[in-house]
Amino acid sequence: MKRLFLVLSTAVMVLPWLAGARAEAEMIPWTDSVTLVGPNLSADGSAHVFSQNLGSNAQIVLSPAPTTSGITSNLAVNLVNINASPASTGAVGLFGGPSGNYSLRITLHDSASGASGSLTFGGNLFGSIVQGDGIEFISDQWTNSTFQSLKLGGNLYTVNADGFSNGTGFSTIPNGTGHIFASVYAEKLGVAPEPSSLVLACLGLPSLGLARWFRRRKVVDSTA
């Protein structure tokens, strides 16, 4: 019986340590960078979306956010910074249609393997900017799939471009500025059975052996 207690106590001490080791092993280092790929690109890498009524001089400037580094399996990252410029005095800048389209490319780099890959997302900015009132009714609508994946090294990366301005995916730019966000998920491919499961299996075998030994001993004692 003392041996059985020893086995069980060993499991209680070892399993939490293994769980912590597994959590640490699942940290996946990666970096991302964003490039605007059109239309209306400028030499500095930004994109200018102009209003449909060009006489208003209103425009929205999209600028790539700085490179992000992550080591967790799920991280929200800022892809693009948005700045809306007002229309001419007394005018209303109207946005939408083909002139409101934009496209961005997010490139992921798997630090462990050195592999890189890119995903492209597109959207359309529409609404209005009212000069003098400080009111911007600019909203964003994605024009292609916002949920895309790629394999890099031994890891699977999934990007969900689900945020605009306040992270809801469809919102209004407050005070002339906003952001486009995405969630990056990273997971290992072909993960082996959890260490805790293997230990439980190994610990279970001695326990079964001990149980059989106790039963046989009782039979021998009763026969004697």
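**View 1. The protein has two helices and 12 strands.** Helices (H or I, at least four residues) and strands (E, at least two) are DSSP runs, numbered from the N terminus. From that end, the elements run α-β-β-β-β-β-β-β-β-β-β-β-β-α. This is a predicted model, where local features need pLDDT of at least 70 and side-chain atom pairs count only at pLDDT 80 or more, while totals for chains, interfaces and linings use all residues. Residues are numbered from 1 along each chain as its sequence is written, and side-chain values use heavy atoms, with hydrogens and water left out.

**View 2. Here is the largest nonpolar core, with 34 residues.** Such a core is a set of buried Ala, Val, Leu, Ile, Met, Phe, Trp, Tyr and Cys residues joined through side-chain atoms within 4.5 Å; buried means under 20% relative accessible area, with a 1.4 Å probe and protein chains only. Strand E5 (residues 74-85) gives the largest share of the core, five residues. Ile60, Leu62, Leu79, Val80 and Tyr157 have the most contacts inside the core.

**View 3. Tyr157 and its neighbours come next.** Leaving aside residues up to four places away in sequence, Tyr157 touches several residues, including Trp30, Leu108, Asp110 and Tyr185. Contact means heavy atoms within 4.5 Å.

View 4. The ring centres of Tyr102 and Trp142 are 6.4 Å apart and the planes stand at 65°, so the pair is edge-to-face. Rings of Phe, Tyr and Trp (its six-membered ring) pair if their centres lie within 6.5 Å, and planes over 60 degrees apart count as edge-to-face. Both Tyr102 and Trp142 are buried.

Note on methods: Phe/Tyr/Trp six-rings, centres within 6.5 Å; stacked < 30°, edge-to-face > 60°. Buried < 20%, exposed > 50% of the residue type's maximum accessible area, 1.4 Å probe, protein only.
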